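Reader: I am new to this structure and would like to learn how to read its features. Could you take me through them step by step?

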Amino acid sequence: MGKVVMYGSVSVDGFVADENDQPGPLFDWLSSGDVPLDESGELQVSQTSYDHTRPYWDQIGVTIVGRHVFDLTDGWDGKPPGGIDHVVVVSHRPMPEGWDPEAPFHFVDGVEAAMAKAQELAGDRVVEVAAGDVGGQVLAAGLIDEVRMDVVPVVFGSGKRYFGSVHAQHLLEDPDVVIQGNRVLHLRYRVRR
């Protein structure tokens with residue numbers, strides 16, 4: 001099985017969105033360069049960020065998100081973001097009415113079921129878990145191998161926390177990747193077992 005990585009862009013004070021679920025400048029680094037990050041050409045990053053981010057994105061087989069993120073993005077119009085093969089959505093509700101059942105989105109109830117489905121679909125590729133409430137639940141369940149953060153130089157003061165509502169201490173190893181891009185610091189920590 002591939003490793004499980006919690007990932008997201010985050011403010012210096014630990015938020016993935018403000019109080020109104022808006023990312024504000026958290027994704028500005030994705031348009032602060034001149035190197036296309038994907039085929040759309042909409043994402044343009046520095047060469048340093050490309051060299052770090054693109055190889056990671058190419059390893060991802062499945063992304064796990066919560067229903068809240070799915071609803072905010074309108075399910076990416078049925079096409080997983082960033083060229084990912086499948087999205088597993090943690091939700092206590094069924095797929096939306098009128099949703100294309102052939103779209104590579106899988107609705108499951110709970111993080112354990114989400115992880116089982118994601119690992120089945122990903123094989124030996126990376127299972128990515130979106131930061132926020134669901135990511136925090138997966139971390140609390142002891143299922144995260146690595147934490148990746150794209151730290152953006154902004155302070156929100158309040159909002160949606162990177163680790164959701166994690167209430168227990170979780171130790172990470174020292175960062176084994178620290179890379180400065182344009183308006184972003186890419187960090188990677190392994191979760192201490």
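Predicted model: local features only at pLDDT ≥ 70, side-chain atom pairs only at ≥ 80, totals over all residues.

Reader: Which residues touch the most other members of the largest nonpolar core?

Author: In soluble globular proteins, nonpolar side chains tend to be buried together. A nonpolar core is a set of buried Ala, Val, Leu, Ile, Met, Phe, Trp, Tyr and Cys residues joined through side-chain atoms within 4.5 Å, where buried means under 20% relative accessible area, exposed over 50%, and partly exposed in between (1.4 Å probe, protein chains only). Here the largest such core has 29 residues, and I64, V129, I144, V147 and Y162 touch the most other members. A second, separate core of 15 residues includes V45, Y56, V154 and V184.

Reader: Is R54 buried or exposed?

Author: R54 is buried, because its relative accessible area is 13%. The residue lies in helix α1, residues 47-59 (helices, H or I, of at least four residues and strands, E, of at least two are DSSP runs, numbered from the N terminus). Leaving aside neighbours within four places in sequence, R54 is in contact (heavy atoms within 4.5 Å) with L37, D38, S49 and G82.

Reader: Where does Y162 make its contacts, on the same terms?

Author: The partners of Y162, again leaving aside neighbours within four places in sequence, include M6, Y7, F15, V147 and M149.

Key: Residues numbered from 1 in each chain as written. Heavy atoms only, no water.
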